[in-house]
Amino acid sequence: MIGGMTDWKKTAAALDPPIPEADIEKLLPVMNALEAAFRPLQLTLTPESDVWTES
Amino acid sequence: MDGIMTILEMDDALRAKKVSSLELTNETLRRIAQENSRLNAFITVVEESARARASAMDAELSHGIDRGPLHGVPFAHKDLVYTKGVRTTGGSKIFKDFVPDHDADIAVNLENAGAVMVGKTNLHEFAYGITSTNPHFGAVRNPWDTERIPGGSSGGSGAAVAAGILPFATGTDTGGSIRIPASFCGVTGLKPTFGLISKRGVMPLGWTMDHMGPITKTVRDAAVAFHAMGGPGAVPSKNADIRGLRIGLPVNYYFDTLDLEVSESVRTAVQTAAALGARIVDIKVPDIDALNVVGRMLLLVEATSVHQRHLNRRADIGADVLTLLDQGRLIRGSDYVDAQRLRRIYCGEFSKLWSEVDCIFTPTTPTAAPKIGQMTMKVGSVDEDVRLATTRLMRGINVLGIPALSIPCGFTKAGLPIGLQILGAPRTEETILRVGAAIEDATGVVGRTV
């Protein structure tokens with residue numbers, strides 16, 4: 001989802017096998033920082049932006 | 001400790017019949033026995049098969065069969081390269097008893113070149129990290145200071161070459177795993193252009209960013225090993241000529257946050273290149289932070305795709321790797337695809353630089369080797385996470401897929417090696433190896449052994 005920030009705990013709870021709750025806490029700061037850096041880059045994409053392929 | 005001969009010195013000595021492959025192999029095995037308790041660079045040593053292979057290579061030479069400069073030369077594979085009949089652990093408890101029934105392409109190529117495999121080197125678990133502090137097979141230690149990491153993930157290969165145990169070893173590089181050990185251990189590491197060296201039979205980490213390459217004592221040895229692995233081009237000549245070559249010096253990003261000693265050593269290498277006749281061109285590189293973010297997104301997802309079948313064995317995976325694999329599970333498929341779309345844009349932006357310059361000089365790592373167990377470090381005046389700081393000058397290069405060479409260019413006051421990274425346009429390994437060889441000849445820093 002472009003725009004809002006992800007609820008990582010909710011996402012983790014939906015996984016099979018689940019990520020143990022104690023481990024989720026350790027992931028939150030890193031995932032939040034990565035998402036905060038990635039979302040603005042994503043907004044620069046246009047419909048014409050194709051995927052990378054090996055050339 | 002006396003350093004072992006280079007590949008090319010061994011080549012000369014073998015053909016002059018001053019030494020046999022069996023003698024070289026026995027000496028290598030003796031050095032492993034002497035050094036491995038200190039460095040923990042090897043997971044597996046294959047004494048019997050190495051001696052048998054060396055004797056066979058001696059017999060071939062005596063019958064006039066010459067497979068080239070690696071004929072009879074001892075080496076080691078990073079322990080994620082499939083070797084038929086020899087266990088291949090990937091540095092993982094899960095694969096501790098895995099014995100492949102076939103060789104990786106790179107193993108076949110080096111065998112055809114006549115090289116003599118003496119063992120498999122230790123690494124960061126699954127090649128997914130930069131410390132080589134392996135929870136299952138023990139921490140690899142840096143020969144220059146055994147309280148410090150050798151870098152990773154190809155840490156055993158870097159430590160073994162730096163300690164003078166053998167002249168070359170194989171490595172893989174998904175976010176710096178050849179160049180980081182090269183930088184921290186004071187040896188040469190070549191990450192070729194993406195796709196140039198076959199990865200078939202090598203345990204993957206990130207399919208679209210994995211690269212195979214050599215870790216060697218010298219630049220010319222790197223060229224020899226690269227060609228034997230399947231790479232094109234020639235070994236740099238004795239007097240490598242770089243007159244008129246345009247060397248790019250980034251005015252942004254790469255020198256912004258560094259240890260002063262690293263910055264000074266790399267700038268000295270730039271001056272050396274200029275004194276040899278190269279033209280130094282100031283360049284502005286595209287947004288490398290953005291490139292690194294894309295690289296992290298791609299690797300998190302790809303590595304989890306590789307290893308998700310093992311996530312029902314959480315207790316058998318080291319804590320740092322498990323955390324990264326869990327992170328990868330949280331990223332959406334659409335975000336991964338968007339990262340690949342951004343990658344295409346950034347590759348296009350970066351490629352424009354090749355109309356201005358022939359290669360680019362940067363530091364390989366912003367600091368010398370940190371201590372084992374160290375989680376953060378001061379870079380300049382900034383506190384940074386060790387893993388993110390160590391990879392930030394090179395992770396993006398794997399996203400671009402361009403060739404990169406790391407060579408030693410100096411030492412800190414504490415006596416730790418400093419690495420220079422030389423980047424080139426796709427498939428210009430011959431150029432960056434020529435530049436590296438010229439710097440090697442001029443400085444005498446490259447090839448110095450602990």
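1. A salt bridge is taken here as a side-chain nitrogen of Lys or Arg within 4 Å of a carboxyl oxygen of Asp or Glu. Asp23(A), Lys26(A), Arg314(B), Asp326(B) and Arg329(B) are joined in a network of such salt bridges. Over all chains, the structure holds 31 salt bridges.

2. On provenance: this is a predicted model, in which local features need pLDDT of at least 70 and side-chain atom pairs count only at pLDDT 80 or more, while totals for chains, interfaces and linings use all residues. Residues are numbered from 1 along each chain as its sequence is written, chains are lettered from A and ligands numbered from 1 in the order in which they are written, and side-chain values use heavy atoms, with hydrogens and water left out.

3. One salt bridge pairs the side chains of Arg220(B) and Glu440(B), at 3.3 Å from N to O. The two partners come from distant parts of the chain, 220 residues apart: Arg220(B) belongs to helix H7 of chain B, and Glu440(B) to helix H14 (residues 429-443) of chain B. Helices (H or I, at least four residues) and strands (E, at least two) are DSSP runs, numbered from the N terminus. Both Arg220(B) and Glu440(B) are buried; buried means under 20% relative accessible area, exposed over 50%, and partly exposed in between (1.4 Å probe, protein chains only).

4. The side chains of Arg313(B) and Asp316(B) form a salt bridge at 3.0 Å, N to O.

5. Lys217(B) sits in the loop between strand E8 (211-216) and helix H7 (219-229) of chain B. Its relative accessibility is 11%, so Lys217(B) counts as buried. From Lys217(B) to Gly230(B) the C-alpha separation is 19 Å, over 13 residues of sequence.

6. How many disulfides (pairs of cysteine sulfur atoms within 2.5 Å) are there over all chains? The count is 0. Cys185(B) takes part in none, and the nearest cysteine sulfur, that of Cys409(B), is 15 Å away. Cys409(B) is likewise in no disulfide; the nearest cysteine sulfur to Cys409(B) is that of Cys359(B), 14 Å away. Cys185(B) is buried, at 0% relative accessible area, and Cys409(B) is buried at 11%.

Key:
A disulfide is a pair of cysteine sulfur atoms within 2.5 Å.
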